[in-house]
Amino acid sequence: MQFDGTRDYIATPDLMIAVNAAITLEKPLLVKGEPGTGKTELARQVAAGLGLPLIEWHVKSTTRAAQGLYEYDAVSRLRDSQLGEARVGDVSAYIRPGKLWEAFAAPERVVLLIDEIDKADIEFPNDLLQELDRMEFHVYETGETIRARHRPIVIITSNNEKDLPDAFLRRCFFHFIRFPDIDTLRRIVAVHHPGVKDELLTVALTRFLELRETPGLRKKPSTSEVIDWLRLLLAEDLTAADLRADAREALPRLHGALLKTEQDVALFERLAFLSRRG
């Protein structure tokens, strides 16, 4: 089973090596990188490229690891017992399988995405160590053990909001998605905007990269944001000449697609003011 990228997702050689190494080792692939660099989309494209179903578990700050296994609805069972419901004797009727259970019980191999694991409590990764290692877990209410029928391909994403435990890192294959260079950006844009003229693309990407590398920028614009910006440029029918005419202005046209904080907008407004004074 080999991932070679897809037509809709530009995977660099080192990223494809990381995916295939994790598959070979049967370890979760831990993917880090700036927001907007395609970490979540990677799991979807791996599933599409390998022809496998995808199960997505999007982690929030309130998510508990046990929810990925199952949830026992004790409140409903208590209410049913008070109402004399016949099903109250069947404990399994009150158990809702989680995403790991779905992946383990699937009739074929699946890709399991655990998205933004660093959003949850620091103990969240540790609480999944045994289940991801052994590919099984115990359901205490029914006494049964759920074992993976087929070992899923697990892809875990992190935005580096907090450090992950060493014991968890040891069990993963790690890859950091670096921000793409201009040639890779061209290939990515070609997937989303195949009709963009080469001259406009060159000027727009040069302007974007200059903006991105401006010292003092609080939030650097991402790959997804430059794609949105180019979409707006095409919708407004702007040309390379239009962008060149703005070269003396610190703020590019339609900058709201690229700059997402008032501090960054103020920074470029100050730069424009200083440029005019100069």
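This is a predicted model: local features need pLDDT of at least 70, side-chain atom pairs count only at pLDDT 80 or more; totals for chains, interfaces and linings use all residues.
**The parallel sheet**

Five strands form an open sheet with parallel pairing. Their order is S2-S5-S8-S1-S9. Strand S2 (54–58) and strand S9 (173–177) stand at the edges. Each has a single partner strand, so one side of each lacks a neighbour in the sheet. On average, neighbouring strands are turned by 20° against each other, direction ignored.

Strand S1 (residues 29–33) runs parallel to S9, and five bridges join the two. Val-31 has His-175 in S9 as its bridge partner. Helix H1 (residues 13–25) packs on the sheet. H1 touches S1, strand S8 (153–158) and S9. The direction of H1 makes about 165° with that of S9.

S1 also runs parallel to S8, joined by four bridges. Here Lys-32 stands opposite Ser-158 in S8. Strand S5 (residues 111–115) pairs with S8 as well, in the parallel sense and over four bridges. In that pairing Leu-112 stands opposite Val-154 of S8.

How many residues of S8 are buried? Six of its six are, and the strand is mostly covered. In a regular strand, side chains alternate between the two faces of the sheet. Both faces of S8 are covered. Ile-153, Ile-155 and Thr-157 are buried on one side. Val-154, Ile-156 and Ser-158 are buried on the other.

Strand S6 (residues 136–139) pairs with strand S7 (residues 144–147) in the antiparallel sense. Four bridges link them. Glu-136 stands opposite Arg-147 in S7. The two strands form a hairpin, with four residues between them. In the turn, Gly-143 has a positive phi of about 80°.

Met-135 sits in the loop between helix H6 (129–134) and S6. Is Met-135 buried or exposed? Its relative accessibility is 6%, so Met-135 counts as buried. Leaving aside neighbours within four places in sequence, Met-135 is in contact with Phe-104, Gln-130, Ile-146, Arg-147, Ala-148, Arg-151, Pro-152 and Val-154. Among these contacts are Ile-146 and Arg-147, and Arg-147 is the residue opposite Glu-136. Val-154 is also on the list, and Val-154 is one of the buried residues of S8. Met-135 and Ala-22 are 113 residues apart in sequence. Their C-alpha atoms are 15 Å apart in space.

**Helices H8, H9 and H10**

Helix H8 (residues 182–192) packs with helix H10 (residues 223–235). H8 also crosses helix H9 (residues 198–212). H9 and H10 pack with each other too. The table gives the geometry.

| Helix pair | Angle | Axis distance | Crossing |
|---|---|---|---|
| H8 and H10 | about 55° | 11 Å | right-handed |
| H8 and H9 | roughly 125° | within 11 Å | right-handed |
| H9 and H10 | about 135° | 11 Å | right-handed |

Given its angle, the pair H8 and H10 is therefore oblique. H8 is likewise oblique to H9. So is H9 to H10.

Which residues of H8 and H10 meet? On the H8 side they are Leu-185, Ile-188, Val-189 and His-192. On the H10 side they are Thr-223, Val-226, Ile-227 and Leu-230. By class, this contact has six nonpolar, two polar and no charged residues.

Against H9, H8 uses Ile-182, Leu-185, Arg-186 and Val-189. H9 answers with Asp-198, Leu-201, Thr-202, Leu-205, Thr-206, Phe-208 and Leu-209. That contact has seven nonpolar, two polar and two charged residues. Leu-185 and Val-189 of H8 meet H10 and also meet H9.

Between H9 and H10, the H9 residues are Leu-200, Leu-201, Ala-204, Leu-205, Arg-207 and Phe-208. They meet Val-226, Trp-229, Leu-230, Leu-233 and Leu-234 in H10. The contact counts 10 nonpolar, no polar and one charged residues. Val-226 and Leu-230 of H10 meet H9 and also meet H8.

**Thr-184**

Thr-184 lies in helix H8. Its relative accessible area is 11%, so Thr-184 is buried. Beyond neighbours within four places in sequence, Thr-184 is in contact with Ile-10 and Thr-12.

Methods:
Residues are numbered from 1 along each chain as its sequence is written. Side-chain values use heavy atoms; hydrogens and water are left out. Axes are lines fitted to C-alpha atoms, for helices over the stretch in contact, and angles run from 0 to 180 degrees between N-to-C directions. Angles under 35 degrees count as roughly parallel, over 145 as roughly antiparallel, 65 to 115 as roughly perpendicular and the rest as oblique. A crossing is left-handed if the near helix is turned anticlockwise from the far one by less than a right angle, and right-handed if clockwise. Contact means heavy atoms within 4.5 Å. Ala, Val, Leu, Ile, Met, Phe, Trp, Tyr, Cys and Pro count as nonpolar, Asp, Glu, Lys and Arg as charged, and the others, Gly among them, as polar. Two strands pair if DSSP finds at least two bridges between them. Buried means under 20% relative accessible area, exposed over 50%, partly exposed in between (1.4 Å probe, protein chains only).
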